[in-house]
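Subject: Structure for you to look at, with notes

Dear colleague,

I am passing on a structure that I would like you to open and read alongside this message. Please keep it in view as you go through the notes that follow.

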Amino acid sequence: MKPRNRESSGLQALLSERTIIIALLALLAFFWSVELVDTIAALLIFLTIAGLLVRLEFKRHRTALRTRIAETRKLEFNKRGGIKSVRANTLNAVPLPILIIGEDHRISFANHAALDLLGSDIVGNDVYIYLRQSKIVNAIEKIFDDGKKHAGVVRYTNKQKRSFDVTISRVSGTGGDDVPTQAMAFFYEITSMLQTEQMRVDFVANASHELRTPLSSLIGFIETLQGPAKDDLPAHDRFLGIMQSEAERMVRLIDDLLSLSKIEMSRHEAPDTEVNVEAMINSVVLTAAAAGKERGVDFKIDVDASASRVIADPDQLMQVLLNLAVNAAKYADRDSTVHVSAKVAKDKKYISLAIRDEGPGISKEHLARLTERFYRVDDARSRKMGGTGLGLAIVKHILIRHGSVLDVKSVVGEGSTFSFKLHRA
Ligand code: ADP
């Protein structure tokens, strides 16, 4: 639209100038016809007016050309600006931190994730203020000093103990001065991967240690029976008893380890069986009560009539209830009562299951770590009672598979309540 307007206004200007010139020429012809000017003078005046017209035309064309060039440049600039902003938006949409670094080591661009990680005011500042590790400094220098395309992957860990694999590569310029070569740092977070790796290493070390203890004890007794106590028949009986309980501890440990790995294998399959939780609680309490009978621990069941059916994996739910009820029987005070309940939750979609004991309770600093593998509050007591230290870890993983979490509330000296919710059938 705009160029057409400009053309029409130019045309109008030209017409009006022509009109003036035609009027001037007509006037000149009139003066010449009445012999007010002679032929030579008329010719001179005509040439002057024509020259003026040519100059005007030339000036107008030059101005139009300049305007057109400026507009084309502006259009190109806008276009480039548009592409730039699309690039920035694309990088901002990447959920991993990305930095673009200039040859002067200043950060020329940081996407949203990088601003979140390193600070909102980092652009324009020296990158080494934020990434001081010498390996990163070397890698960035490799890009600019050695002209390398990729300077490799460097491990970066910040103060908050988040770890990243940072890939440093060259972003080539366009060849012109306006877009010079820069370095790109791409951060790939590996914190949870490292944690999992560490957990596996710890787990293998812990499991080996847990198995090694009863095994060493078994080997010790075998050597004693073969050597010094060879002919001591009363000692044989005692030693064999201990050896049996150590072997049983190993079996329990291996059973729990196998349970854990089975639960992990099924963790992505959501349970879909309708389970009669009331019948299950009755059966679990029978077993747990037997474990607590010797210490006078009594069990009380309280199941709402409408809270008897849940969606769960029956074997796994049985294991959860058994682990929690047997723990309650083991740790509850002598001659106390354990309460097992199933109630419809407020939103009516879930059933809340709870096992409450009147035991020693668990202090706050232990609560967060209670479901870690092999974590024990009182190591000696747990071992004496034949605990593997895996019961609550098994409970936690089964509940994760059921989309639930184990909630532990405890008051030292009063007791503990272990509870969780399951979908109502
Ligand atoms: P363990 O085989 O040692 O019982 P668990 O994983 O079942 O292992 O429990 C971890 C630790 O939590 C136990 O060693 C014990 O110290 C503590 N614990 C579990 N249940 C209770 C409870 N009801 N009362 C007090 N402490 C408990």
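Helix H8 and helix H11 (residues 391-401) pack at an angle of about 145°, and their axes are 9 Å apart; the axes are lines fitted to C-alpha atoms over the stretch in contact, with angles running from 0 to 180 degrees between N-to-C directions. Helices here are DSSP runs of H or I with at least four residues, strands are runs of E with at least two, and both are numbered from the N terminus.

Before going further, please note that this is a predicted model, in which local features need pLDDT of at least 70 and side-chain atom pairs count only at pLDDT 80 or more, while totals for chains, interfaces and linings use all residues. Residues are numbered from 1 along each chain as its sequence is written, and side-chain values use heavy atoms, with hydrogens and water left out.

The helix pairs

The crossing of H8 and H11 is left-handed, a word used if the near helix is turned anticlockwise from the far one by less than a right angle, with right-handed used if the turn is clockwise. On the H8 side the residues that meet H11 are Gln316, Gln319, Val320, Asn323, Leu324 and Asn327, and their partners in H11 are Gly391, Leu392, Ile394, Val395, Ile398, Leu399 and Arg401, where contact means heavy atoms within 4.5 Å. Sorted by class, this contact of H8 with H11 has 7 nonpolar, 5 polar and 1 charged residues; Ala, Val, Leu, Ile, Met, Phe, Trp, Tyr, Cys and Pro count as nonpolar, Asp, Glu, Lys and Arg as charged, and the others, Gly among them, as polar.

Gln316, which lies in helix H8, is buried at 9% relative accessibility. The term buried means under 20% relative accessible area, exposed means over 50%, and partly exposed is in between, with a 1.4 Å probe and protein chains only. Leaving out residues up to four places away in sequence, Gln316 touches Ile263, Ser266, Ile398, Arg401 and His402.

Helix H8 (residues 314-331) also packs with helix H7 (residues 277-293), at an angle of about 35° and with the axes 9 Å apart, and the crossing of H7 and H8 is right-handed. Among the residues that make this contact are Val277, Met280 and Ile281 of H7 and Pro314, Leu317 and Met318 of H8. The residues of the contact of H7 with H8 divide into 14 nonpolar, 3 polar and no charged.

The aromatic residues

How many aromatic pairs does a search of the whole structure find? The search finds 6, counting rings of Phe, Tyr and Trp (its six-membered ring) whose centres lie within 6.5 Å, with planes under 30 degrees apart called stacked, over 60 edge-to-face and the rest tilted.

Elsewhere, Arg373 lies over the face of Phe203, at 4.8 Å from the ring centre; a charge sits over a ring if NZ of Lys or CZ of Arg is within 6 Å of the ring centre and within 35 degrees of the ring normal.

Two residues with positive phi

Most residues other than glycine have a negative phi. His105, however, has a positive phi of about 70° although it is not a glycine, and Phe374 has a positive phi near 65°. His105 is placed in the loop between strand S1 (98-101) and strand S2 (107-110), and is buried, with a relative accessible area of 17%. Apart from neighbours within four places in sequence, its contacts include Asn125, Asp126 and Phe144. Phe374 is in the loop between helix H9 (364-367) and helix H10 (379-384), and is buried as well, with a relative accessible area of 10%. Glu365, which is in helix H9, is exposed, with a relative accessible area of 58%.
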